[in-house]
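Good morning, everyone, and thank you for making the time.

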Amino acid sequence: MRGRRIQLIAGRARGSALLLWLAWALVSLPAQAACPEYELRVSDAEGPPLVSLPMPEGAGWCLAWNHSVEGFAVHDCYRNVGGHMVLERSHLPDFAAGLDHIPGRGRQVSDGQGGYWIEDIDEPVPGDRYRLRVGAMRVDHRLVRHGEPRLRSLLERSRDQGCGIDEDMLAGDGPVVISLSELAANEGVTIGLYSKH
């Protein structure tokens, strides 16, 4: 009987130790648990991603570039909607070559400066990714903010939560702008929204 009692006490001690370890593990996990489940990646054909940005649900970004003829900036703006890449809106400063509104695809609204926004496109990107041939520096394909939170805020929040980020993207004090043309001019890349799990 005494041997059985010692086994019960030892079993309870192991159970208590296991519970304490589990509690410690759960307290230690919030930094990792708070890391965004999704990230925006820009990848070439081989190697690690050229760009990896935390992109929690509801956050957004724009792909901007300079029109090859007119030189003004064009924006296509996306958002993570339920874990899917969705084209929300586009900004076109002019009806230049190749740029106009397609009736039935969003609604055209003046930007008050001679250009226009195409709002409410709300078009899911097939497979949550697409291929892009990155332009030279005069075109400067680049990732920029799309409303709030800004790219800088997303990166700072992820860094503060212990998630791995590229600290170089936070250099300087201004808005975070990531030039794809500096990284992969005249190359094909894939831009995609990926779950980290």
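Please find Gly60 first, which sits in strand E3, the stretch that covers residues 60–66. Before we go on, keep in mind that what you are looking at is a predicted model.

Is Gly60 buried or exposed? Gly60 is buried, because its relative accessible area is 0%, and buried here requires a value under 20%. If we leave out residues up to four places away in sequence, Gly60 touches Met55, Tyr78, Arg79, His146 and Leu151.

Let us follow one of these, Arg79, which is 19 residues from Gly60 in sequence, although the two C-alpha atoms are 4.0 Å apart in space. Arg79 is also the bridge partner of Gly60 in E4, and the two strands E3 and E4 run antiparallel, joined by 7 bridges. As a reminder for those who are new to this, strands of a sheet pair through backbone hydrogen bonds, in either a parallel or an antiparallel way. Between E3 and E4 there are 6 residues, and the two strands form a hairpin, with Gly71 in the turn showing a positive phi of about 85°.

E4 pairs with strand E5, residues 84–92, in the antiparallel sense and over 7 bridges. These two strands make a hairpin as well, with 2 residues between them, and Gly82 in that turn has a positive phi of about 60°.

Now to the disulfides, of which the structure holds 2. Cys62 and Cys77 form a disulfide in which the sulfur atoms are 2.1 Å apart. Cys62 lies in strand E3 and Cys77 in strand E4, residues 73–81, so this pair ties together parts that are 15 residues apart in sequence. The torsion about their S-S bond is about 100°, and therefore the disulfide is right-handed. Both of these cysteines, Cys62 and Cys77, are buried.

The other disulfide joins Cys35 to Cys163, with an S to S distance of 1.9 Å. Cys35 is in the loop between helix H2 (30–33) and E1, while Cys163 is in the loop between H3 and strand E11 (178–179), so the parts tied together here are 128 residues apart in sequence. Which hand does this disulfide of Cys35 and Cys163 have? With a torsion of about -110° about the S-S bond, it is left-handed. Cys35 and Cys163 are also buried. If you count the bonded cysteines along the chain, the pattern is 1-4, 2-3.

Helix H3 deserves a moment of its own. In H3, residues 151–160, the buried residues are Leu151, Arg152, Ser153, Leu154, Leu155 and Ser158, and you will remember Leu151 as one of the residues that Gly60 touches. The cover over the buried residues of H3 includes E2, E3 and E10. After H3 comes Gly162, whose phi is positive, near 85°.

Next, please turn to the open sheet of 4 strands, which has the order E2-E1-E12-E9 and antiparallel pairing. Its edge strands are E2 (51–54) and E9, each of which pairs on one side only, and the twist from one strand to the next averages 15°. Within this sheet, E1, residues 38–43, and E12, residues 188–195, pair over 6 bridges, with Tyr194 in E12 as the bridge partner of Glu39.

What about the interior? The largest nonpolar core has 38 residues, and among those with the most contacts inside it are Leu53, Leu63 and Leu180. Leaving aside residues up to four places away in sequence, Leu180 touches Leu63, Leu143, Ile191 and His141, among others. His141 lies in the loop between strand E9 (129–133) and strand E10 (142–145), and His141 counts as buried because its relative accessible area is 8%. Beyond its sequence neighbours within four places, the contacts of His141 include Trp65, Leu132, Ile178 and Leu180.

Finally, let me step back to the whole chain, which has 4 helices and 12 strands. Of its 197 residues, 41% are buried. The chain exposes about 11600 Å², of which carbon and sulfur atoms supply 54%. Among contacts between residues at least 6 apart in sequence, 61% join residues at least 24 apart.

Technical notes: Residues are numbered from 1 along each chain as its sequence is written. This is a predicted model: local features need pLDDT of at least 70, side-chain atom pairs count only at pLDDT 80 or more; totals for chains, interfaces and linings use all residues. Side-chain values use heavy atoms; hydrogens and water are left out. A nonpolar core is a set of buried Ala, Val, Leu, Ile, Met, Phe, Trp, Tyr and Cys residues joined through side-chain atoms within 4.5 Å. Buried means under 20% relative accessible area, exposed over 50%, partly exposed in between (1.4 Å probe, protein chains only). Contact means heavy atoms within 4.5 Å. Two strands pair if DSSP finds at least two bridges between them. Axes are lines fitted to C-alpha atoms, for helices over the stretch in contact, and angles run from 0 to 180 degrees between N-to-C directions. Accessible areas come from the Shrake-Rupley method with a 1.4 Å probe; for residues, only the protein chains shown count as cover. A disulfide is a pair of cysteine sulfur atoms within 2.5 Å.
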